[in-house]
Amino acid sequence: MLRPATSILLAMSIALPLPLLAATPPGDPAAGAGAFRKCASCHQVGPSARAVFGPHLNGIVGRRAGATGDYAYSPALKRSGIVWDEAALARFLRDPDDMVPGTKMRFWGIRDERQIANLLAYLRQYP
Ligand code: HEC
């Protein structure tokens, strides 16, 4: 038999949403798929992805900025020397024009860290 205090604690920890339990929870790719709707008007991922309004984003985590062959990048992004690791992507998505002044990506930015983590988890599924 569990003591009442223990079972209350157990019930609480089950009821607590995950982000409160883990300090830096990994992103959720399924939630990231929803967040990608914000990008999908300009970007494609997946086997048949190609440049549309923006470059395709397959393999973006770890890719050099301005490196896809079928897209005409802005000089600003091409010259940036950025390698898109997760920190760089998070910074860019928060405020593209602040990180790369003169970029062609017109996007308000995402302030929500959780949503950025989810988005990166989603993008990592497309190497
Ligand atoms: C209104 C269109 C638009 C939206 C919406 C948009 N982007 Fe972009 N994005 C662009 C364009 C255009 C570029 C090329 C920028 C340049 O050449 O300066 C770009 C570039 C990028 C790059 C750099 C790619 C490379 O090959 O170096 C990343 C990463 C990126 N976008 C991610 C995202 C993500 C993730 C979202 C959604 C949260 C998003 N973008 C939303 C238009 C958009």
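How many helices and strands does the secondary structure of the protein come to?

## Overall fold

The count is seven helices and zero strands, where helices (H or I, at least four residues) and strands (E, at least two) are DSSP runs numbered from the N terminus. Read from the N terminus on, the elements go α-α-α-α-α-α-α. The protein has 127 residues, and buried ones make up 35% of them; buried here is under 20% relative accessible area, exposed is over 50%, and partly exposed is in between, using a 1.4 Å probe and protein chains only.

Some ground rules before going on. This is a predicted model, so local features need pLDDT of at least 70 and side-chain atom pairs count only at pLDDT 80 or more, while totals for chains, interfaces and linings use all residues. Residues are numbered from 1 along each chain as its sequence is written, and side-chain values use heavy atoms, with hydrogens and water left out.

## The iron site

Now for the metal. H43 (NE2) and M105 (SD) coordinate the iron atom of the ligand, at 1.9 to 2.1 Å. Donors are N, O and S atoms within 2.8 Å of the metal (3.2 Å for Na, K and Ca), and since water is not among the atoms, sites may look incomplete. The six donor atoms around the iron subtend angles of 87 to 178°, so the arrangement is octahedral. That label calls for opposite donors over 155 degrees apart and all others between 65 and 115 when there are six of them. For reference, ideal angles are 90 or 180 degrees for six octahedral donors.

The pair ties together distant parts of the chain, 62 residues apart: H43 belongs to the loop between α3 (29–35) and α4 (75–78), and M105 to the loop between α6 (96–99) and α7. H43 counts as buried because its relative accessibility is 10%.

## The largest pocket

The largest pocket has a volume of about 550 Å³. Of the 32 residues lining this pocket, H43, P55, L57, F92 and M105 are the closest to its centre. Two elements give two or more residues to the lining, α5 (86–94) and α7 (113–123), and α5 supplies the largest share with three residues.

How is "pocket" set up? On a 1 Å grid over the protein atoms alone, a pocket is an open set of points where a 1.4 Å probe fits, with protein on both sides within 12 Å along at least five of seven lines, and lining residues have an atom within 4 Å of a point. Points are joined across faces, edges and corners, and the volume is the space filled by probe spheres set on them. By class, the lining splits into 21 nonpolar, six polar and five charged residues; Ala, Val, Leu, Ile, Met, Phe, Trp, Tyr, Cys and Pro count as nonpolar, Asp, Glu, Lys and Arg as charged, and the others, Gly among them, as polar.

## Residues in the α3–α4 loop

Several other residues sit in this loop. C42 lies between α3 and α4 and is partly exposed, with a relative accessible area of 25%. Its C-alpha atom is 9.1 Å from that of M105, although C42 and M105 are 63 residues apart along the chain. H56 is in the loop between α3 and α4 as well, and counts as buried at 17% relative accessibility. A polar atom of the H56 side chain lies 3.1 Å from the backbone nitrogen of N58.

G54, also in the loop between α3 and α4, is buried, with a relative accessible area of 5%. G54 and S41 are 13 residues apart in sequence, and 8.8 Å apart C-alpha to C-alpha.

Terms used: Tetrahedral: all angles 85-135°; square planar, octahedral: opposite > 155°, others 65-115°. Polar contact = N/O pair within 3.5 Å; in protein donor to acceptor, adjacent residues only side chain to side chain.
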